[in-house]
Amino acid sequence: MNDAPAPVVARTPLIAGNWKMNFDHLQAIAFVQKLAWSLKDAQHNYADVEVAVFPPFTDLRSVQTLLAADKLPVALGAQDVSPEAAGAFTGDVSAAMLGKLDVRYVLVGHSERRAGHNESDDTVGLKARAAVAGGMVPVICVGETAEDLETHGAAAIPVAQLTAALAHLPADAEIVVAYEPVWAIGSGEPATPEQAEEVGKALREVLRTERGDAIADATRVLYGGSVASQNVASYLKQPNLDGALVGGASLKVDEFSRIVQFKKHVTV
Ligand SMILES: O=C(CO)COP(=O)(O)O
């Protein structure tokens, strides 16, 4: 028996802004410039908290150019990827194309795509696999609807969705998991930190069972759903939550900048 306390694993928090279908490429450039100035003024330490933005496809090239020209340590994310490598798939964008634009993260399984584009757990897993094969990190989004919550409780559906996605991935693939209860997205009614932590803990248990301790302890689990500067710190204080996936509040520079600087408003 080993009674030694579990090692404390430092996971760099990730604050990710999912812009959804907002901002053309000019607005995107203006936004990222203002964000960089705001974080510079605030002497933000990017080593402490990683920042990522997920613009629409049409903005990626412009944002990439700006990030490279100004050497800004903001990671670039895409909102979707094709499960296919190349070929006759009109309207789709491949992982290889995203990789060429220095995209580091790819959202897969967002509830707006599961619901609005009929994406199954298998599709989500195949998209995650394509992202990994392209050298990127899939941000696997999971979450229950209000109905699911009533019928199955909070954790069952997210746990099943994550388990299904992992089945498609190589054992050593780096991933990020985002718990986004569907009822909390855009509703102004976020999950309580305790609710989110309970599901975050269950998701980490899935990682522990499926992937072992090292990956379970290193993988970041984010919370998303009506995150704002007033509530972000309460999630980041939870032992199993390592960041936030922010929608509406990521479109306002000052607000997103405050969210990134959540450490300043953690009251001990
Ligand atoms: O869907 C979300 C992020 O992916 C969350 O959106 P809101 O922050 O607007 O609730």
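Good morning. The shell around the ligand is made up of 5 nonpolar, 8 polar and 1 charged residues. In that division, Ala, Val, Leu, Ile, Met, Phe, Trp, Tyr, Cys and Pro count as nonpolar, Asp, Glu, Lys and Arg as charged, and the others, Gly among them, as polar.

Before I continue, two remarks on conventions. This is a predicted model, in which local features need pLDDT of at least 70 and side-chain atom pairs count only at pLDDT 80 or more, while totals for chains, interfaces and linings use all residues. Residues are numbered from 1 along each chain as its sequence is written.

As for confidence, the mean pLDDT of the protein chain is 95, and 96% of its residues reach 70 or more; pLDDT is the predictor's confidence in each residue, from 0 to 100. The model has an ipTM of 0.99 and a pTM of 0.96.

Let me turn to the overall fold. The protein chain contains 11 helices and 8 strands, assigned as DSSP runs (helices H or I, at least four residues; strands E, at least two) and numbered from the N terminus. Its radius of gyration is 18 Å, close to the 18 Å that the globule rule gives for 268 residues, so the chain is as compact as a globular protein of that length. The radius is taken over C-alpha atoms, and the rule is 2.2 Å times the number of residues to the power 0.38. Of the 268 residues, 44% count as buried, meaning that 20 or more other C-beta atoms lie within 10 Å of their own; 12 or fewer makes a residue exposed, and anything in between partly exposed, with C-beta atoms placed from the backbone.

Which residues are closest to the ligand? They are Asn18, Ile185, Gly186, Gly247 and Gly248, out of 14 that surround it, the criterion being a C-beta atom, placed from the backbone, within 6 Å.

The unreviewed UniProt entry annotates as "binding site" Asn18, Trp19, Lys20, Gly186, Ser226, Gly247 and Gly248. These residues span 231 residues in sequence, yet no two of their C-alpha atoms are more than 14.1 Å apart, so they gather at one spot. Such annotations may be inferred rather than shown by experiment.

Two of these glycines deserve a word. Gly186 sits in the loop between strand 6 (176-179) and helix 8 (193-211), and Gly248 in the loop between strand 8 (243-246) and helix 11 (253-260). Gly186 counts as partly exposed, with 13 C-beta neighbours inside 10 Å; Gly248, with 18, also counts as partly exposed. Leaving aside neighbours within four places in sequence, Gly186 is in contact (C-beta atoms, placed from the backbone, within 7 Å) with Gly247 and Gly248. Thank you.

Note on methods: Two residues are in contact if their C-beta atoms, placed from the backbone, lie within 7 Å.
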